[in-house]
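Reader: I have a structure open and would like to go through it piece by piece. Can we start with contacts inside the protein?

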Amino acid sequence: MEERPWTLERFVCALLEHAGGAAEEVEPGVRDALGAGSAPWPRPGEVGRMVFDPEALPEHPDAAPVFFGSPRADDFLEAGKALAPAARAWRADLHPAVHDLKARVRRALSAPETSIEVGPGRARYDALALFLFRVSYLGEEREEELFAAGVDLALGRPHRTVGDWVDSGGWSDRRPLALPDGPMIPLGRALASAWKEIEPHAVSGLRARESDARRRAAVEVARLREYFDESLTELDARRAEAPPVEAASWDERRRATTAERDRRAAEAEARARVRLSAEPVSVLLACVPRIAAGFRLRGKIAVSAPVTVLFDAASHSVLPPDCPACGRPTLEWRLIPPPVGAALGTEATATCPACAGLAQETRERRVGKRRG
Ligand SMILES: [Zn+2]
């Protein structure tokens with residue numbers, strides 16, 4: 001059976017083993033964990049069942065689900081963070097002041113038929129986390145690779161250039177300006193998001209090694225078969241010349257040779273298997289100055305609740321905020337008035353055009369029903 005590339009499972013197993021516990025496979029995607037030391041679950045000495053495959057959950061209703069986003073997975077990722085030594089650096093060569101912040105924000109955002117009201121800006125340090133993972137490929141030989149991935153902890157999304165930034169100068173190990181820290185998503189969640197970035201690369205590294213190993217195994221198996229088939233042909237020739245009384249013993253030798261051939265071919269194929277394991281080895285928090293400002297959309301009759309927008313001093317640009325409805329970053333905004341019949345004082349919302357379109361459809365359907 002093919003090795004599953006589902007590597008949160010490998011991560012959790014590595015963490016349990018690191019803590020002195022164990023994770024025995026019950027069936028693919030289901031493991032019994034023995035708790036120990038700093039492992040977040042189960043308690044030291046206790047055993048708990050973990051399910052990594054959502055499809056296996058109905059058969060193990062009492063087990064703990066461990067998928068990306070489940071509380072148990074978060075616990076493990078948080079514990080993994082404790083293993084990864086954290087360092088912190090501040091970008092010292094940038095100042096967050098920008099004189100035309102409101103105009104810049106208004107220019108960057110687009111919202112037809114509404115005006116954009118930008119509030120005062122507050123400078124702060126936002127942290128970008130650069131995670132380093134050690135990925136091991138365990139086959140006939142052990143190979144290791146290091147992968148890095150950045151996550152913007154303020155926006156909770158991948159940050160693909162933080163690695164390049166860290167290599168450039170301008171960093172200090174002390175806070176250069178007396179600015180407060182911006183909000184951060186939990187590091188465990190960031191670690192999961194970093195791993196999602198790295199996983200496809202690690203899996204393609206695994207696939208490449210698997211196909212090399214399979215190619216080598218195929219050559220070896222072909223050579224084995226050739227060798228054994230020659231022996232079998234020779235055996236058959238000698239059996240044909242031997243007296244009938246020896247037939248049973250020749251048959252026995254033939255069976256033994258065939259079994260030996262199959263055993264050695266199976267061994268060569270087994271050696272072609274490659275497993276993947278990964279662990280976070282370090283995290284660097286790179287703190288960059290930014291300005292946070294709230295903006296609202298004002299229509300003819302409705303005003304939306306404020307959305308925070310960030311001006312990034314490093315890239316000198318306005319970063320697209322997440323749509324509060326779908327969570328996707330967007331620079332295009334639409335005003336959604338409060339639903340018909342909503343309580344007085346209900347605020348309008350500002351969303352991306354796609355979410356505003358959906359809200360509009362729902363509203364038209366409701367109005368249609370009321371009329372019909
Ligand atoms: Zn949206």
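Reader: Leaving aside neighbours within four places in sequence, what is alanine 129 in contact with?

Author: Alanine 129 is in contact with Gly150, Val151, Leu153, Leu187, Ala190, Val283 and Leu285. Contact means that the C-beta atoms, placed from the backbone, lie within 7 Å. This is a predicted model, where local features need pLDDT of at least 70, side-chain atom pairs count only at pLDDT 80 or more, and totals for chains, interfaces and linings use all residues. Residues are numbered from 1 along each chain as its sequence is written.

Reader: Which residues touch the most other members of the largest nonpolar core?

Author: Val12 and Ala129 do, in a core of 73 residues. A nonpolar core is a set of buried Ala, Val, Leu, Ile, Met, Phe, Trp, Tyr and Cys residues joined through C-beta atoms within 7 Å. A residue is buried if 20 or more other C-beta atoms lie within 10 Å of its own, exposed if 12 or fewer, and partly exposed in between.

Reader: Where does the largest share of this core come from?

Author: From strand 11, residues 275-298, which supplies 11 residues. Strands (E, at least two residues) and helices (H or I, at least four) are DSSP runs, numbered from the N terminus.

Reader: Switching to helix 5, how far apart are its end C-alpha atoms?

Author: They are 77 Å apart. Helix 5 has 55 residues (187-241) and should span 81 Å at 1.5 Å a residue, so the two values agree. The expected span is 1.5 Å times one less than the number of residues.

Reader: Where does helix 5 bend?

Author: At isoleucine 198, by about 40°, with proline 200 following within four residues. The bend is the angle between axes fitted to the seven residues ending there and the seven starting there.

Reader: And arginine 238, is that buried or exposed?

Author: Arginine 238 is exposed, because 12 other C-beta atoms lie within 10 Å. Arginine 238 lies in helix 5.

Reader: New topic: in what order do the four strands of the open sheet come?

Author: The order is 1-2-3-4, with mixed pairing. Strands pair if DSSP finds at least two bridges between them. Strand 1 (22-27) and strand 4 (64-65) each have a single partner strand, so one side of each has no neighbour in the sheet.

Reader: How do strand 2 and strand 3 run?

Author: Antiparallel, joined by five bridges. Aspartate 32 stands opposite arginine 49 in strand 3. Strand 3 and strand 4 run parallel, with two bridges.

Key:
Contact = placed C-beta atoms within 7 Å.
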